[in-house]
Amino acid sequence: MTWALDHIGDIMSRAGQHAWLAGLPLVLGLVIALPLGWLAARRPRMRAVLLTTTGLLYTIPSLALFILLPPLLGTKILDPVNVIVAMTVYTVALLTRTVADGLLSVDGSTQQAAIAMGYGSFARFRAVDLPLAVPVIAAGLRVAAVSNVSIVSVASLIGISQLGYFLTDGYARSFPTEVWVGIVACLLLALVFDLVIQVVSRVLTPWTRTVAA
Amino acid sequence: MSLATIWDWFTDPANWQGTDGVPHRVLEHLFYTVLTLLIALVIAVPLGAWVGHSGRLRWLVTGANAARAVPTLGLLFAVSMFVGPLIQSDLAFVIPSITVLVLLAIPPLLSGTYAGIDSVEPAARDAARGMGMTGWQVLTKVEAPIALPLFLSGLRSATLQVIATATIAASVSLGGLGRYLIDGLASRDYVQMVCGSILVAVLALVADGILALLEKRAVSPGISGRATRVARSRARNSDPHPEPDLDGADRSDTGPRQPAVVGSGSTGPVEATAATGTPSERDRP
């Protein structure tokens, strides 16, 4: 505990780096997965192609992906961009399916009503289908957030600075306290991500609470 | 770093011999993976089946899923530091790693088994009971086939998790393909790292492909929809006695509908047989 307090500045700065490496890919991944999921929900054939491709990408183990990306992207191995790209790939892989499932879960009669009210294809997606799919997408995003926070710590093995540093450093120095601090910090960060996503999801879906009020 | 250097590494005979050769490392990796999965299956499947069947202790599944938030690297280091010194042999590096791999494989297997058994409709269970099945028969002939798709998807994610984490476990001295990545990093041999990463990725893709194939083959035709499709196309193609066309004019609108009704009627028993496996006949001594 005293060790953690003595190093609170270091812990916070690495937590910030960790949040950036795990959080930015969540946003990027969601932005990419929305159109892909929309396509997968509308075209059954595209669905098979998209979900197979993203599934294959998700299969590649994280440490291998961190090492394989530099030659593919032309970056240096210590460049944090590799981690951002790798985590974005994983997020897209998880979320494409979730977005498609969420859009397909929208009630048919609701869609019919929207069409009857004169909504065009895109307007209906933006104003009806997407908001109604928010709870499903948020659930997928929570899974992605937790797994991102865990996977980012692996990048400390190749020397990229974030909370995982306390794990590798503590192990190398046979100093268990530091390892525990790293684990707890990762868990807390995952919890923060989880709470933020839940709050945003609630704010975006006010109608889910009107019955109770 | 070019494709030629990668090619050279893979075609260098020195990389295919001895304990540091590709065949040995691949086999090591597979050995850890299979061993871990077997231990995890023995723990998770009976537990998941019991929780799903009885509906008790559901928090076990929720808890196991929440535990996935623990960073795998941290778990690996923590367990190695505490368990490693307790073991006075060469296994000091293997046992902690396998322990962590088992811990990581349990949640997906547990929730897959639980969700599979839980997805069985009570009506199907009651029907099986009503047909005179014993509790064991209900489990093996009704619940297990229906649970299989969800269980297999749990097995797939457990396998991927184990293959990926076994790679990372090279940092706590486990063998396997992760050695190329970690040793390559230590000796700044970037070519070796990339080649090791390619091998790990290929191993994961092949394992996932095999399990995907197994998933397709093993799932009961009544559940995957194959039986329905097969039976329907059979009913359509091999219908030797089409409905006698009584009269052209006033049956022309009902005519086309007729084969459809016949078709779906005849698939009913076929589907039921595929899903439950005609227990009333087979189980008589």
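# Exercises on a predicted two-chain model

Of the 285 residues in chain B, 34% count as buried, a residue being buried if 20 or more other C-beta atoms, placed from the backbone, lie within 10 Å of its own. This is a predicted model, in which local features need pLDDT of at least 70, side-chain atom pairs count only at pLDDT 80 or more, and totals for chains, interfaces and linings use all residues. Residues are numbered from 1 along each chain as its sequence is written, while chains are lettered from A and ligands numbered from 1 in the order in which they are written.

**Exercise 1.** Determine how many helices and strands chain B has.

*Solution.* Helices are DSSP runs of H or I with at least four residues, strands are runs of E with at least two, and both are numbered from the N terminus. Chain B comes to 14 helices and zero strands.

**Exercise 2.** Describe how helix α1 of chain B packs against helix α9 of chain B.

*Solution.* Begin with the geometry, for which axes are lines fitted to C-alpha atoms over the stretch in contact, and angles run from 0 to 180 degrees between N-to-C directions. The axes of α1(B), residues 3-11, and α9(B), residues 190-218, come within 10 Å and cross at roughly 75°. The two helices are therefore roughly perpendicular, a label that covers 65 to 115 degrees. Next, find the residues: B:Thr5, B:Ile6, B:Trp9 and B:Phe10 in α1(B) meet B:Val191, B:Gln192, B:Val194 and B:Cys195 in α9(B). Finally, sort them by class, which gives six nonpolar, two polar and no charged residues; here Ala, Val, Leu, Ile, Met, Phe, Trp, Tyr, Cys and Pro count as nonpolar, Asp, Glu, Lys and Arg as charged, and the others, Gly among them, as polar.

**Exercise 3.** Work out which parts of chain A touch chain B.

*Solution.* In total, 28 residues of chain A are in contact with 27 residues of chain B, contact meaning that the C-beta atoms, placed from the backbone, lie within 7 Å. On the chain A side, α3, α4, α7, α8 and α9 each supply at least two residues, and α9(A) gives the most, with seven. By class, this side has 20 nonpolar, eight polar and no charged residues.

**Exercise 4.** Locate B:Ile106 within the largest nonpolar core.

*Solution.* A nonpolar core is a set of buried Ala, Val, Leu, Ile, Met, Phe, Trp, Tyr and Cys residues joined through C-beta atoms within 7 Å. The largest has 118 residues, and B:Ile106 is among those with the most contacts inside it. Leaving aside neighbours within four places in sequence, B:Ile106 is in contact with B:Ala40, B:Ile43, B:Ala44 and B:Ala64.

Key
A residue is buried if 20 or more other C-beta atoms lie within 10 Å of its own, exposed if 12 or fewer, and partly exposed in between; C-beta atoms are placed from the backbone. Angles under 35 degrees count as roughly parallel, over 145 as roughly antiparallel, 65 to 115 as roughly perpendicular and the rest as oblique. Two residues are in contact if their C-beta atoms, placed from the backbone, lie within 7 Å.
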